Amino acid sequence: MLRFLLTAALLAWSCLPVRAGDTLTVLTYESFTADWGPGPAIERAFEAECGCDLKWVAVGDGVAILNRLKLEGDAPTADLALGLDNNLIAEARASGLFARHGQSLKGLKLPVAWTDDTFLPFDYAHFAVVYDREKLADPPRSLQALVDGGGAGKIVIEDPRTSTPGLGLLIWIKAVYGDKADEAWTKLRRRVLTVTPGWSEAYALFTKGEAPMVLSYTTSPAYHLIAEKSDRYAALDFPEGHPLQIEVAAKLAKAKSPALADKFLAFMLSPGFQDQIPTQNWMLPAATTSQPLPPEFEQLVTPAKTLDLAPGDVAANRRAWTDEWLKAMSR
Amino acid sequence: MTPAIQIKDVRFRYEDMDMRFDLEVAAGRFLAVIGPSGAGKSTLLNLIAGFEVPLGGEIALMGRPAAGVSPSERPVTIVFQEHNLFPHLDVWANVALGRATHLKLDAAGEEAVRKALARVGLLGFERRRPKELSGGERQRVALARCLVRERPILLLDEPFAALGPALRRDMLELLTALWREQKLTVVLVSHDPDDARRAATDVAFVHAGRILRHGSVHQVLDATDLPELTEYLGRPL
Amino acid sequence: MRQRRRLIGAVALVLLIGLLGAPLLALLTAGLDGREVAAGAYLWDVTRFTLLQAGLSAALSVGLAVPVALALAHRPDLPGRRLLLRLFAMPMALPALVGVTGIVGIYGQAGLLSELAGWFELTRFPSIYGLAGIVLAHVFYNLPLATLLLLARLEATPVETWRIAVALGLGARDILRFIDLPAIREVLPRILSLVFMLAVASFTIVLTLGGGPGATTLEVAIYQALRFDFDPGLAARLAILQVAVSLLVAFAAGRSAVPMLVEAGTGKGRGRPQAGSRWRDGAIIGLAAVFVLGPLAAVVAGGLSRSLPSLLVDPLVMRALATSLVIGIAAACLGLIAAYALALAAAAGPARFYDVVSLVTLVVPSVVIAAGWYLLAHRLGVAGWATAPLVVLLNVLMAIPYAASVLIPAVRALAERQDRLAVSLGLTGWRRFRLIDGPLLKRQMALAFGLAGLVSLGDLGIIAIFGGDGLVTLPLLLYQRLGSYRTGDADALALVLMALTLALAWMLPRSVAGDPTP
C-alpha cells in the first residue's frame, strides 16, 4: 500500500503550479483544452507570440468556471476565465471578481451588438432544435409547431435548474410566448420524452435514437458533417427566432499576470485563436478567421432572427421563470 | 448379538490422507475415540453419521447396511463442539425440531420435549435463545434434542472441548447417566484421554487414518507396546 | 479491550464526522449565500418524491435479490456462477450515465425490447420514462449489490448447522424457514438501508429517466443550489436535510431488526444439502442474469466501435487509467482500514449506531463535500499539493459504507467467537489482527476491499470538483468526450472502464465468487 500512497503523493506533487516568471493561467472548460479541442493549437500559437508559458486549468463547464472562481474568492489561481456565457454575465459581474478588458470591440462579428466592457466574446451559436432525418420525415418548422404538435416526434430537453441549454430554452419560450409561456410549456410537455441534467445526457440519448429531436445548437450538425461525414442530423430554423449563446472571456481583477491577460484577450480576437474555433470547438467565430469557414458550415442553419434578452433581465427573472416551468411541467 | 456399529474396510480420502477403518462396536458400549488432531477421528464419526460417503467398504448400523441411507434416516444422533443450535430459534424449538421439522407437536411429542429438557436440567429455559445460554447449557440443549430423537446410537464430536474442567466433568456425568438410562451406544470423539478414563468402556486409538488399537479402556490406555500411542499419551518409554 | 475498541471506533467516528462536517461548516460560514431560500412547498414535494422513489427502489432491489441470492446459494456448482458473480459487481463502478445508456439500449424507445415488439407487430413497448424508469435503473444498479451481500451471509452458515439440518432431515422448506430466512433477516435491514440511501442520493438517473421535473430528488435541489445558484450555504443545509431524513428512515427500518448471533466467517459456503428445485433456481438465476447483463451487454456492444483500438494506445486514456487505478486502490486500502476500525467499535458498542453512521456518507452528496474541501484547501493555501490526497481521502469516505457493510457483521461475529481466547492469550492490537482477525476475515476483507475499490473507480462527483489540474480519471475522461460530441469515444471508454472493473472484480474473494473448495 505504501507504494500506492507514494504514487498518490507523486500525483499530488505533479499538480504543483509551475513557478515560472511569465506564466498565464487560464481557467476554462474541459472540452476546450482536450487534445481534440482548440486548446493545444491556441496554446502553441500564443506561446510563440508572447514568449511566455500558457497554462490551462480546466473544469466541467462555464458554470463550473464561475463557481470555482467564487470558491477561490480573493486569491484566484487563474489570471483569466475563458468560457462563461452571456447568460452567466450578470451573475459574474455581480461577483466583482472581474476587471475591464480594455479591448476594441470593432473586430467583433456577432449577430447582435456588443458593448460590454468586461466580458469579451470569442465564439457563439444559436440554440436550436436538432433532429434526426432518419427518424423524422416531417419535423416541426416553427416553435409554434413544436409546441402545438402534440406527441408525434418526441424531444429531449435539458433542465434549466442545472444546465445552460435548459436555461436557453426557458428564455426562448419566454421571449416568444411572454405571459403565455406556462401554457406553451403545458402543451410542449406532451412532446418531451425526458428532461436531462445537462447537454451531454440529452445529446447521448438523442444519438442513441431515443428521441428524434434534441435541444442543442445550430452548429451541432457541423460536427457530424465534418467529423463523421454524415448529414443525418440537422438543425431546424424557427421563424420566431432563436436565442444566442455567446461564449466570453474575462480578466480577473486579482490576476497575477494582468499584462499577459490583456495580451491574451487581444490575441483571442485574432485569426491565431479564431481559426481553431469552427472545427475544434464546433461554434461560430466571434471575429475574423484567416480562411473562410469550411464548406460544410454553409449547410448549417443561420437563423434569420436572433432573440436577444438583456442579461440583466435573465438574471432577475430566472427564478420566477424556473418556478413557472416547474409548475407547468410537473402538473 | 449383532454389533451396533460395524465398519468393514471403509476407505476415504481427505486432502492428502488415505484412510482405512475397521471397527465393531457392540450395542450398549461407550467408545471413546482418541488420537492426535488430524488423525481422522471426526471423519470416522462423519462416515458413521452419513455426512461423508466412503470410497469403498461397508458400514452397518444396528445390523442394517447404511449405504444409501440418508443421515436423518440412520439410527444415530450427533452433537458437535459448537453450532448445534439454530441461533434464532428458542430452546423449545431447537429440541422440538428433533421430533418434527414442522414444529407442530402432538401431546406425546410435547411430553417428550418436556421430559428431555427436564432430564438435562433445563426445564424453564424453553423460551430462551441460544445466545442467552452458557456454553454448557447449549450443549445440554443439544443432548436434549438427541433424547427426543430416540435413536440407539449417540455420536459426539468433541462436545465439551470448549468447556471448563468443572463443567466438563458435570457434562460427562450427565452423558454417562443418559447412556445407562437409555441403553445407548455412544461414540465420543475426544482429544483428551481423561474423558475416556472417566466415562468410556472402550477406547479406539486413531492415528494417520487407521485405528491402531481398539479395546477396553485399560487395555488401550495402559498399553506400552505401541510407540504412536505412547507418544500421543506422553508417557516416558 | 472493549475500551480500546471503543477508542478506535471513537477516533474513526471523529475522523468521519470531521471529514464530513468540516466542509459543510466551511460552506455554511463561507458568506457566499445566495439571495433566496428554496420555497417550502417545493422542498416538501421534492422530499416526498425522494423518499417514494428511494423506498420503492430499495424494496424492489432487495426483495428481488432475495430469491436470486437463495438460488445462487442452492447451486454452488452451477457452471459460470463465478463469472456471473463477478459480472454482478460491475454496475457498481458504472457511472450513472453509462448505466442509463445501457438501460435505454434495452428498454428505451429505440431499445432492444421495443425493436422486438416491432418485429412481432406488437404494440409499442411502454415508455420507461417516469417513476418506472427510475426504479428500473436503481434495481439494475442495486439488485446485484444486494445479491452479493446476501449471498455472502448465506454462505457464512457454518458447516455444522448443515450437518444438523441433514441429520434432522430438514426439507427444502424447513431449511428456508429455519436457516436461510433467519440469516437473511439478520442482514436485511442493513442492505435495505444501504440501497435506500444510494437511491436517495441518485441524481443523473432520476433526472434523465424521470421524464420531467416532477421527478426531482433532494440531490437535484442540492446540485442546483451548489452549481447553478451558487449558494453553498443552501446546498449545505439541503445536504443536512437529506442526511437527517435518510437517517430517520434508516433508524426506523433498523428498529425491527433483532440483532442475531452472526456466524459470518465460519462457513465456507459448503455443506449445504441439495434441496429445492433445480429448474426453479436455474430460471431465477437466468432471469437475474439477463436483467443485469442485458444493459451491460448494450454498453459493450456500443463500446466496440472504431475508436476503441486508437483509444487503447492513447496516452491520455492510459494516464486516466493509471490515475483511476491509483486512486481506487489507495481509497480501497484506506477505506478498508477505516471500516475495520468502525467494525471493531461496532463489535464493542451499539452496533446499530455504527451501522447507520457508516452509511451516512452515502447521503452526504459528494459534490457538496468536495466543494467544501476545495474551499477549505484554498483558504488554507494548500490547494496545490493537497488536491490528490484530498481526492483519495474523499473517495475513502465514499468507500466506507460498502466496506463496513461487509466488515461490521463479520467482525462482530468473530469477536463473539474469539474474544475469550484472544484475551486469554493476551493477544491485542496489531498482533491479534495479524494472527486472528486477518486470516479469519480474509474473505470478508477481500470483498470489502473489492467493493470499496469499485465504488471509487466509478466516482465522478469528487473528481469533477477537484479535477482539471491534470488529475483526470476514466469516468471524468468519459464525460469530457461526451461533452464534445464524441459519443463513440465515450462508449468505447465505458467499455474500457468495464474491463477495469472486471479486473478488480476478479480480485473478489473466491468464495463470494462461488468457488466451493472442499
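**Close-up views of a three-chain predicted model**

**Figure 1. Buried residues of helix H4 in chain A.** In H4(A), the buried residues are A:Gly62, A:Val63, A:Ile65, A:Leu66, A:Asn67, A:Arg68, A:Leu69, A:Leu71 and A:Glu72. A residue is buried if 20 or more other C-beta atoms lie within 10 Å of its own, exposed if 12 or fewer, and partly exposed in between, with C-beta atoms placed from the backbone. Helices (H or I, at least four residues) and strands (E, at least two) are DSSP runs, numbered from the N terminus. Because nine of the 11 residues of H4(A) are buried, the helix is largely enclosed by the rest of the structure. After H4(A) comes A:Gly73, which has a positive phi near 55°. The model is predicted: local features need pLDDT of at least 70 and side-chain atom pairs count only at pLDDT 80 or more, whereas totals for chains, interfaces and linings use all residues. Residues are numbered from 1 along each chain as its sequence is written, while chains are lettered from A and ligands numbered from 1 in the order in which they are written.

**Figure 2. The contact between chains A and C.** Two pairs of chains touch, and the most contacts are between chains A and C. Two residues are in contact if their C-beta atoms, placed from the backbone, lie within 7 Å. Chain A contributes 53 residues and chain C contributes 54 residues. On the side of chain A that touches chain C, at least two residues each come from helix H1 (2–14), helix H2 (30–33), strand S2 (53–59), helix H4 (62–72), strand S7 (192–196), helix H9 (199–207) and helix H14 (311–330) of chain A. H1(A) gives the most to this side, with eight residues. By class, the side of chain A that touches chain C holds 29 nonpolar, 13 polar and 11 charged residues. Ala, Val, Leu, Ile, Met, Phe, Trp, Tyr, Cys and Pro count as nonpolar, Asp, Glu, Lys and Arg as charged, and the others, Gly among them, as polar.

**Figure 3. The contact between chains C and B.** This contact takes 17 residues from chain C and 19 residues from chain B. Helix H7 (159–168) and helix H8 (172–200) of chain C each supply at least two residues of the side of chain C that touches chain B. The largest share of that side, seven residues, belongs to H7(C). Its residues divide into 11 nonpolar, three polar and three charged. Chain A and chain B, by contrast, are joined by no contact, and their closest C-alpha atoms lie 35 Å apart.

**Figure 4. The kinked helix H8 of chain C.** H8(C) has a kink of about 45° at C:Leu188, shortly before the proline C:Pro189. The bend at a residue is the angle between axes fitted to the seven residues ending there and the seven starting there. Between its end C-alpha atoms H8(C) spans only 37 Å, whereas a straight helix of 29 residues would span 42 Å at 1.5 Å a residue. The expected span is 1.5 Å times one less than the number of residues in the helix. H8(C) is mostly covered, with 21 of its 29 residues buried.

**Figure 5. The surroundings of C:Pro295.** C:Pro295 lies in helix H12 (residues 278–303) of chain C, a chain with 23 helices and zero strands. C:Pro295 counts as buried because it has 27 C-beta neighbours inside 10 Å. Not counting residues up to four places away in sequence, C:Pro295 touches C:Gly99, C:Gly102, C:Ile103, C:Gly105, C:Ile106 and C:Phe140. Of the 518 residues of chain C, 61% count as buried.

**Figure 6. Strand S3 of chain B and its partners.** Five of the five residues of strand S3 (residues 30–34) of chain B are buried, so the strand is largely enclosed by the rest of the structure. B:Phe30, B:Ala32 and B:Ile34 cover one side, and B:Leu31 and B:Val33 the other; all are buried. S3(B) runs parallel to strand S8 (residues 185–189) of chain B, to which four bridges join it. Four bridges also join S3(B) to strand S9 (residues 202–207) of chain B, again in parallel. Two strands pair if DSSP finds at least two bridges between them. B:Val33 stands opposite B:Val189 in S8(B), and its bridge partner in S9(B) is B:Ala204. Chain B has eight helices and 10 strands.
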